[in-house]
Amino acid sequence: MLGQVMHRSARLPSVLRAVGRLVLPQQCAGCGRPDHALCRRCAALLGEPRRCEELTLHLGTQDLLPAQPQRAPLPTWALGVYAGPVRHAVLAWKSGGRPDLARPLTEAMERAASVMTEIERPTATGPVLVVPAPSGAARRRAGRFVVGELADAFGKGVARVTGAPVAVVDPLRRRSGGDHLLGAAARSRDRAGAVRCRGRLPRGAVCMVIDDVVTTGATLAACAEALRVAGGSVVGAVVLAVTAPPGAGSSNCQP
Ligand SMILES: [Zn+2]
């Protein structure tokens with residue numbers, strides 16, 4: 001009997017949430033308009049993927065880290081600019097408060113697989129490896145590994161666009177603990193060592209890295225480096241949104 005009571009009590013919050021959704025109109029996480037998880041206008045802010053590596057410090061032709069060896073730019077695509085409604089929506093999804101955003105945001109990422117037609121892939125016999133950027137252990141335990149969901153969606157899109165075999169793999173981990181993004185200064189000091197790859201990859205395996213947001217590009221650069229060290233060939237990265245440079249508008253997210 002006690003077990004039944006406890007069981008009902010445990011279910012109560014989810015029941016209340018369900019009732020709440022019936023009583024309270026759903027609001028767009030981007031702009032607050034009623035009745036949509038993400039309204040058409042806000043969803044359109046995550047549009048065609050556009051190259052954005054030159055908007056970052058570490059992914060373009062001008063790497064600003066004098067201590068690091070110069071590497072080739074990492075072709076990086078973003079679907080939008082991390083500001084306004086896009087920022088609201090991404091934060092609401094990551095916080096766990098709006099699981100209904102998973103569908104529109106993962107569908108946007110699945111569409112982004114169109115970038116594979118722009119990539120001149122090196123010869124490889126194995127599947128394309130779609131790799132999520134690492135999330136902290138606390139976020140994983142809380143079931144909020146949204147980058148993993150984005151990678152799954154992108155992988156689905158890649159299979160559809162290319163017809164090639166695809167594997168979504170999750171070998172990357174942050175070296176330092178905590179569930180917070182590394183500070184910009186720390187990332188700049190130790191970019192290459194910030195991420196490790198658990199195990200080796202098939203030699204030359206074609207890798208695409210997926211993340212939710214790119215700011216300086218330090219995390220994506222560390223992911224790419226870790227995958228290269230593990231034997232992979234990183235051909236690009238895709239994110240939902242790029243942080244706009246100070247004073248820049250959405251029109252700046254261009255090749
Ligand atoms: Zn909206």
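A: One definition is needed before we look at partners: two strands count as paired if DSSP finds at least two bridges between them. With that in hand, and bearing in mind that this is a predicted model, Leu 129 has Cys 207 in strand 7 as its bridge partner.

Q: How many bridges link strand 3 and strand 7, and in what sense do they pair?
A: Strand 3 and strand 7, the latter covering residues 206–214, are joined by 4 bridges and pair in the parallel sense.

Q: And what about strand 3 and strand 4?
A: That pairing is parallel too, running over 3 bridges, with strand 4 made up of residues 166–168; within it, Val 130 stands opposite Val 168.

Q: What's the strand order in the sheet?
A: The sheet is open, has 6 strands in the order 1-2-8-7-3-4, and its pairing is mixed. Strand 1 (50–51) and strand 4 are the edge strands, each of them pairing on one side only.

Q: Why is strand 3 described as largely enclosed?
A: Because 5 of the 5 residues of strand 3, residues 128–132, are buried, the strand is largely enclosed by the rest of the structure. Both of its faces are covered, with Val 128, Val 130 and Pro 132 buried on one side and Leu 129 and Val 131 buried on the other.

Q: Which helix lies across strand 3?
A: Helix 6, residues 146–162, lies across strand 3 as well as strand 4, strand 7 and strand 8, and runs at about 160 degrees to strand 3. Helix 8, residues 218–229, also packs on the sheet, where it touches strand 2, strand 3, strand 7 and strand 8, and its direction makes about 160 degrees with that of strand 7.

Q: Switching topic: where is Ala 205, and is it buried or exposed?
A: Ala 205 sits in the loop between strand 6 (195–197) and strand 7. Ala 205 has 23 other C-beta atoms within 10 Å and so is buried, the cut-off for that being 20 or more.

Q: How far is Ala 205 from Thr 125?
A: In sequence they are 80 residues apart, while in space their C-alpha atoms are 7.9 Å apart.

Q: And for the chain as a whole, how much is buried?
A: Of its 255 residues, 42% count as buried, and the chain has 8 helices and 8 strands. Among contacts between residues at least 6 apart in sequence, 76% join residues at least 24 apart.

Terms used
Residues are numbered from 1 along each chain as its sequence is written. This is a predicted model: local features need pLDDT of at least 70, side-chain atom pairs count only at pLDDT 80 or more; totals for chains, interfaces and linings use all residues. Helices (H or I, at least four residues) and strands (E, at least two) are DSSP runs, numbered from the N terminus. A residue is buried if 20 or more other C-beta atoms lie within 10 Å of its own, exposed if 12 or fewer, and partly exposed in between; C-beta atoms are placed from the backbone. Two residues are in contact if their C-beta atoms, placed from the backbone, lie within 7 Å. Axes are lines fitted to C-alpha atoms, for helices over the stretch in contact, and angles run from 0 to 180 degrees between N-to-C directions.
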